[in-house]
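Hello,

Here is the structure I promised to pass on to you. Have a look at it first, and then read on for what turned up in it.

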Amino acid sequence: MFTLLPVLLLYVCAPALCVFQTLYCSIADSCDCDFRPNVKELEWDLYKNVYGQHLAQEVLSEEVARFVADKAPERPLVLSLHGSSGTGKTLVVGMLARHLYGSAMSSPFVHQFIPTLHFPAGGHVQLQREQLKSWVQGNLTECANSVFIFDEMDKMAPGLLDVLEPFLGTSHVVFQTNYRKAIYVFISITGEEVINQAALEQREAGRDRDEMTLAELQDAIAQTVYGNPTMYFVPGGFYNSSIIRQKLVTAFVPFLPLCRRHVERCARAQLCQRGACSRHDVARAVAAGMTYKPAPGHYFSVSGCKSVPAKIDFLL
C-alpha cells in the first residue's frame, strides 16, 4: 500500500500540500516535503556573497551540514542570529531557505514570523502563545522538515516564545511526525553592543577581525538576550526565556559590524547586478558617503550595507 501512495500523490496533489500527502507523511514518516539541502552551494554562497562575517559563515556552514547529514537528529536545529542592522542576517536567511528548498522564502515549508505584523504589542500574550503553538504544530504536522524564521525578536513580547520549548527539545513527537527535523532561525539586533564592543577591542588591539572566535562571543550574547544585568540589556523575545535557560539554542551566531571595505564590496555586488560592474568610482563613492563610528576612529558603518542600493540609485 505504501509503495503506491507516492505515485498517487503525484496526481492528486497540487503544489500546495493536500490531505493525502499529510496522511502519508504522518504514517510512513518518509516524505521530505521537497527538502533538498545543498550544503556545498550554501557554503559557496556564504563565502562569495556575505562580506565581513567569517563567524557567521563558519557556524552556519558547519551546523547546517551536521544537521542535514543526520537522518535522525536528537533535536531540531535552532540558530539565533545577532548583530546590527545591515550586517547580513536577513541575507543569509534567504540563502539558507534557497539551498534547503530551492525556492527561498516562497517555499510553502519556509515560514516567516514577524512579531509587529502577526502579534503586535498590546495583544493578549496568552492568546498569542496559543496561536503560535497551534501554528507551529500545524505546519510541523504538514512537514517535519519545516523551517521557521522569527524576525525582529527584540520587538517580541517576553514570554511568548516559551510556548515553543517542547518543540525544541529531544522528545516531542505528535502523530508520528518527528519534530526534531525542523529548523528554527531567530533574528535580532539584541546583543549588537556586545558584538560591536568586542570587534572594537579587537581592532584597537591591532588584531585582525578574522581572528575573532565564536567562543569569545557565545556566552556574552546568551547572557544579554536572556536579560542578565548588563549595560547593553534590552528586553526582547528571549528575556528570561526557558529556551535560553534550558540551553535549547544550538548556536548564537554573531554578525560583526562592517568596515568601509565591506560596504564597498556590497556596492560592487549591487552594481554588477545592475550591469555596471565597471563603475568602481560609484562603489568607492558609496562607501565614502556612509556614516562610520565610533569617534575617533570611525571604523564601522552605522547602517552596514542596508542603505547601499539607495545611494547607488542617487549616484547613477
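A contact here means heavy atoms within 4.5 Å. Counting contacts with a separation of 6 or more, residues 24 or more positions apart account for 73% of them in this protein.

Please keep in mind that this is a predicted model, in which local features need pLDDT of at least 70 and side-chain atom pairs count only at pLDDT 80 or more, while totals for chains, interfaces and linings use all residues. Residues are numbered from 1 along each chain as its sequence is written, and side-chain values use heavy atoms, with hydrogens and water left out.

First, the overall picture. The protein has 14 helices and nine strands; these are DSSP runs numbered from the N terminus, helices being H or I with at least four residues and strands E with at least two. Of its 316 residues, 49% are buried, where buried means under 20% relative accessible area, exposed over 50%, and partly exposed in between (1.4 Å probe, protein chains only). The accessible surface is about 15,500 Å², and carbon and sulfur atoms contribute 55% of that. Areas come from the Shrake-Rupley method with a 1.4 Å probe; for residues, only the protein chains shown count as cover.

Five strands form an open sheet in the order 2-3-6-1-7, with parallel pairing; two strands pair if DSSP finds at least two bridges between them. At the edges are strand 2 (110-113) and strand 7 (251-255), each of which pairs on one side only. On average, neighbouring strands of the sheet are turned by 15° against each other, direction ignored. Strand 1 (residues 77-83) runs parallel to strand 7 over five bridges, and Leu-79 stands opposite Ala-251 of strand 7. Helix 4 (residues 54-69) packs on this sheet, touching strand 1, strand 6 (183-188) and strand 7, and its direction makes about 150° with that of strand 7. Helix 10 (residues 218-226) lies across strand 1 and strand 7, at about 100° to strand 7. For these angles, axes are lines fitted to C-alpha atoms, for helices over the stretch in contact, and the angles run from 0 to 180 degrees between N-to-C directions.

The structure holds three disulfides, a disulfide being a pair of cysteine sulfur atoms within 2.5 Å.

- Cys-33 and Cys-143 are joined with an S to S distance of 2.4 Å. Cys-33 lies in the loop between helix 2 (19-28) and helix 3 (39-49) and Cys-143 in the loop between helix 7 and strand 3 (147-150), so the pair ties together parts that are 110 residues apart in sequence. The torsion about the S-S bond of Cys-33 and Cys-143 is about 125°, so this disulfide is right-handed. Cys-33 is buried at 3% relative accessible area, and Cys-143 is buried at 1%.
- Cys-266 is joined to Cys-305, S to S 2.0 Å. Cys-266 sits in helix 12 (residues 260-273) and Cys-305 in the loop between strand 9 (300-301) and helix 14 (308-315), 39 residues apart. With a torsion of about 80° about the S-S bond, the disulfide of Cys-266 and Cys-305 is right-handed. Both Cys-266 and Cys-305 are buried.
- Cys-272 and Cys-277 have their sulfur atoms 2.1 Å apart. Cys-272 is partly exposed at 37% relative accessible area, and Cys-277 is partly exposed at 42%.

Best wishes
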